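Please look over the sequence and the structure shown here before reading on. The briefing that follows goes through them topic by topic.

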Amino acid sequence: MTSLWPEVFVENTKPSAKTILEQQGSQLSRLTQGMVYGEVEQLSRAEIMDLDMGIGFAYNFNICGRYLDNYRFRLMTLSHDIALYPVSFRLDGELLKELGYGHQDIHTVNTPEELEIFLKCVFNSERVKNVVGAIMSMSK
Amino acid sequence: MNFVFWNAGNRSQQSALINLISATNANITVLAEYADDDAALLRGLYSTGIDYYALPTIGCPRIKIFSDTPPDHFSIIREADRYSIRKFSRSGLEPILLALVHLPSKLYMSETDQLQDIVFFRQDIEEAEQVTEISHTIVLGDFNMNPYEKGMVAATGMHSLPCLRTALSGGRMVQRREYSYFYNPTWNLFGDTEGIPGTYYHSNPGYDARFWNILDQVILRPSIAKRLDRQSLRIVTEARDTNFLDNKGHPGISDHLPLFFSLDLSIGGEK
């Protein structure tokens with residue numbers, strides 16, 4: 001019988017949102033002399049079901065204070081299926097307002113390039129600057 | 001310890017707050033929609049003999065906390081824009097987690113969206129309980145839903161029950177997953193046999209209108225619920241010379257009325 005498969009398979013080399021956010025979390029630590037860092041926290045199956053976020057993968061992206069007794073600020077929650085993209089984001093409410101998304105709190109990106117543009121926008125927001133600044137000030 | 005929560009309605013409320021805090025001897029005062037100057041309030045309280053502190057916040061400017069206990073006794077564990085979860089520990093008292101919340105109104109969100117927000121909140125409370133190894137959790141605030149609504153009752157939501165005896169069983173399995181209970185004593189404030197029947201009044205022209213709502217609530221883990229003085233839980237309508245009602249008997253100086261309760265946190269103080 002002839003093969004019904006394609007001639008070749010190409011590995012998906014797109015960087016996942018999780019990888020990009022982990023890298024950005026480390027960048028934040030470098031920029032703040034280790035006082036503040038970003039953490040990607042994987043949600044359990046039960047948590048994903050409770051949140052009705054599909055059947056794929058979901059993560060919180062938290063901004064954390066290294067010297068603040070386990071402090072975590074949940075900036076956004078993201079989810080995607082096995083194909084990595086598109087990625088859906090649920091954002092902090094203050095950030096939604098600042099970025100002009102109104103009450104439409106799900107934002108979707110389709111490629112790593114779109115993701116980078118989106119994250120740059122988020123990380124440069126006044127909201128994020130205020131949170132990071134407050135953690136730095138309380139860490140001293 | 002005495003607790004007060006009030007959604008101050010984004011209006012200047014300094015004299016009302018001073019009266020509220022002094023009349024109730026509140027040790028911890030939590031405010032939503034608070035628009036006044038912290039320093040002016042602290043000065044005003046000090047001039048009446050009350051030494052109070054304003055607690056700093058990082059990511060939750062919607063909730064403001066004042067206390068007669070210095071801020072270093074409250075460490076912030078988890079926050080999002082609509083809630084702040086703090087560990088309160090002080091010598092001679094049981095350490096507790098205080099989860100303080102102001103959820104979005106139905107004016108801006110459907111009940112389904114509200115339920116999603118409350119799932120995030122509940123998950124963060126559970127994470128905080130795990131990290132701190134504290135199960136004495138008190139959740140207080142403006143939930144923008146009534147005690148009987150899905151978000152407050154569903155296992156995936158706050159899972160808060162009106163019956164302490166049932167809540168003391170700890171939790172239940174749903175679809176092979178375990179969900180722990182909160183006890184919601186605020187149910188006891190419904191009805192008009194005593195006091196005022198809600199914290200928020202809304203006259204709705206539609207067929208389905210309840211008029212009085214209890215959007216401001218306290219719920220407690222069963223492990224700490226027995227320490228609540230259930231008789232103390234009340235909706236505050238007046239404090240010294242401040243009347244929180246208008247001439248129709250509805251919330252006046254804010255669209256919400258304050259909530260007060262008292263809890264025995266002393267070590268070994270369980271009833």
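Which residue's side chain meets that of A:E39 in a salt bridge? The partner is A:R72, at 2.6 Å from N to O, where a salt bridge means a side-chain nitrogen of Lys or Arg within 4 Å of a carboxyl oxygen of Asp or Glu. A:E39 lies in strand 1 (residues 36-42) of chain A and A:R72 in strand 3 of chain A, so the pair ties together parts that are 33 residues apart in sequence.

This is a predicted model, in which local features need pLDDT of at least 70 and side-chain atom pairs count only at pLDDT 80 or more, while totals for chains, interfaces and linings use all residues. Residues are numbered from 1 along each chain as its sequence is written, chains are lettered from A and ligands numbered from 1 in the order in which they are written, and side-chain values use heavy atoms, with hydrogens and water left out.

**The interface of the two chains**

- In chain B, 28 residues are in contact with 29 residues of chain A, contact being defined as heavy atoms within 4.5 Å.
- The two chains, B and A, bury about 2,500 Å² between them, and 49% of this lies on carbon and sulfur atoms; buried area is the accessible area (1.4 Å probe) that two parts lose on being put together, summed over both.
- On the side of chain B, the residues that lose the most area to chain A are B:I58, B:Q116 and B:F120, which together account for 27% of what that side buries.
- Between chain B and chain A, 17 residue pairs are in polar contact, both residues being at pLDDT 80 or more; the term stands for a pair of N or O atoms within 3.5 Å, where within protein one must be able to donate a hydrogen and the other to accept it, and residues adjacent in sequence count only if both atoms are side-chain atoms.
- Helix 3 of chain B gives nine residues, the largest share of the side that touches chain A; helices (H or I, at least four residues) and strands (E, at least two) are DSSP runs, numbered from the N terminus.

**Salt bridges and strands between the chains**

- A search of the whole structure finds 18 salt bridges over all chains, and six are found across the interface of chain B and chain A.
- A:E94 and B:R62 meet through their side chains in a salt bridge of 3.0 Å, N to O.
- Strand 3 (residues 72-80) of chain A runs parallel to strand 5 of chain B, and two bridges join them; two strands pair if DSSP finds at least two bridges between them.
- Opposite A:F73 stands B:E79, in strand 5 of chain B.

**The fold of chain B**

- Chain B contains six helices and 19 strands.
- An open sheet of chain B is formed by six strands in the order 3-4-2-1-19-16, with mixed pairing.
- Strand 3 (53-54) and strand 16 (228-235) of chain B stand at the edges with a single partner strand each, so one side of each is left without a neighbour in the sheet.
- Strand 16 and strand 19 (residues 259-263) of chain B run antiparallel and are joined by four bridges, and B:R234 has B:F260 in strand 19 as its bridge partner.

**Backbone details**

- Most residues other than glycine have a negative phi, and most peptide bonds are trans.
- The peptide bond from A:Y85 to A:P86 is cis, with omega near 0°, and A:P86 is placed in the loop between strand 3 and strand 4 (87-91) of chain A.
- B:N144, although not a glycine, has a positive phi of about 55°.
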